[in-house]
Amino acid sequence: MPSRPLHARRLSDGTTRASIAALAFGSLVTLAGCSSTPDATGDVGNDDGGGKRMDGAPMPMGASGDAGLGDALALEAHDAAGRDHTMPREDSGSDGATAALGPECDEDNPVTTEALGVDRALPAAIVQFERHGMWGCMHREWHDTRQWDIFSQPGSTSPRLNYALAKGWQRNAVQEGAPGNGLEFLAMHRAMVAILRSTFPAQASLFAGWTAPPLVATANDPLPATASGKATFNLNMQSALNRLNTQLASFTTDDAFGLYIQSQLRWTAADVTARSPDATAGIHAYFHVRFDDPQSAIRMQRFNRNIESQLFWRVHGYLDGLWTKNRVARGVIDANDAPYLAAMTHACLHMGKKTWSPASASCLP
Ligand SMILES: [Cu+2]
């Protein structure tokens, strides 16, 4: 049974993750860059558990040329309906618990059945592994605390702030799209992929990722029946794929690469909804919106459930592979890259694991 992540322990016993991490790992946490806010991680909003658009930000009305972001508006209203969902109870918190667990942080899911739409769920054993590790809440918290400034703006009608506050989550110091968030995004998702690969080696193909993203609906990657305007792969995103295929080394830092793929958001203190002038940025968010099926309980735009979808891991396995290729192209050696190792270890701690091992490319248990 997996160990429960630090955030889960905080929820159950009132101890903050920061204090636990500081006790256990001392300066590593500071190295990882989360000294100002205990749980900062940070990606710039691309999917979310609360039904906001992948890229987190409410798109300005009438915006076009989106990376799938426009859909978020509809999603938000949808979730705002706040249907009740019987919240599954958590297990006892003991690492030896074997009871089958229901989903977490899912009580506001508009889909109140386990309908999957066009999605396919991971094998039950893997879903249970995630739930016993409280990955659903963790993933939602990770993203929502980094889109915090957007949904807490004056006039925002998003239900996400109240949800986060009720959970005891805290704003992350580095918001989605801000400097530093790109590396955090890459590291956090790499830690998740690595843990699954090492825990379920017989199912490694589920986490390998696309060789190339499908530009049209296929048997393996169907588009939602309700999708409108999604038949054509966004032209800006096709340009992004072209850059990723032919100019991967043009991203000269992990952070630059992470910010480019994650989201169009480019947070500034003056404008927390600022967006990149580069319309080809944010392909990760685009994937989450393009493949989002409102009929699915594990839809791509719900942070707490999308980790149970096979498609989620095809997306993230693919993006993680690009990151590896980018680092190889830059000649970076993992074992000698202190900022990388610190970011990875921080992500491992967030997942309830220990130090990142560059030798095994996984979090030490
Ligand atoms: Cu995520």
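This is a predicted model: local features need pLDDT of at least 70, side-chain atom pairs count only at pLDDT 80 or more; totals for chains, interfaces and linings use all residues.
1. The largest nonpolar core has 55 residues. Ala187, Ala191, Met344, Ala347 and Cys348 touch the most other members. At least two residues each come from H5, H6, H9, H10 (235-246), H11, H12 (283-290), H13 (310-330) and H14 (338-350). The top contributor is H9, which gives eleven residues. In soluble globular proteins, nonpolar side chains tend to be buried together.

2. Neighbours within four places in sequence aside, Ala187 contacts Ala343, Met344, His346 and Ala347.

3. There is also a second, separate core, made of twelve residues. Among them are Tyr163, Val174, Trp267 and Val272.

4. Next, a helix pair. Two packed helices are described by the angle between their axes and the distance between the axes. For H9 (residues 181-199) and H11 (residues 254-262), the axes come within 6 Å and cross at roughly 80°. H9 is therefore roughly perpendicular to H11. H9 brings Asn181, Gly182, Leu183, Phe185 and Leu186 to the contact. H11 brings Asp254, Asp255, Ala256, Phe257, Gly258, Leu259 and Gln262. By type, the residues of this contact are six nonpolar, four polar and two charged.

5. H8 (residues 160-167) has a buried side. Its buried residues are Arg160, Leu161, Tyr163 and Ala164. They sit on the same side of H8 because they cover an arc of only 165° around the axis. An α-helix has 3.6 residues a turn, so residues three or four places apart point the same way. The cover over the buried residues of H8 includes H6 (135-144) and H7 (148-151). Asn162, Leu165 and Ala166 are exposed, on the face turned away from the buried side.

6. Gly168 follows H8 and has a positive phi, near 80°.

7. Most residues other than glycine have a negative phi. Cys105 counts as buried because it has 25 C-beta neighbours inside 10 Å, and the cut-off for buried is 20 or more.

8. Ala361 has 15 C-beta neighbours inside 10 Å, so it counts as partly exposed.

Methods. Residues are numbered from 1 along each chain as its sequence is written. Helices (H or I, at least four residues) and strands (E, at least two) are DSSP runs, numbered from the N terminus. The arc is that of the directions from the helix axis to the C-beta atoms. Two residues are in contact if their C-beta atoms, placed from the backbone, lie within 7 Å. Axes are lines fitted to C-alpha atoms, for helices over the stretch in contact, and angles run from 0 to 180 degrees between N-to-C directions. Angles under 35 degrees count as roughly parallel, over 145 as roughly antiparallel, 65 to 115 as roughly perpendicular and the rest as oblique. Ala, Val, Leu, Ile, Met, Phe, Trp, Tyr, Cys and Pro count as nonpolar, Asp, Glu, Lys and Arg as charged, and the others, Gly among them, as polar. A nonpolar core is a set of buried Ala, Val, Leu, Ile, Met, Phe, Trp, Tyr and Cys residues joined through C-beta atoms within 7 Å.
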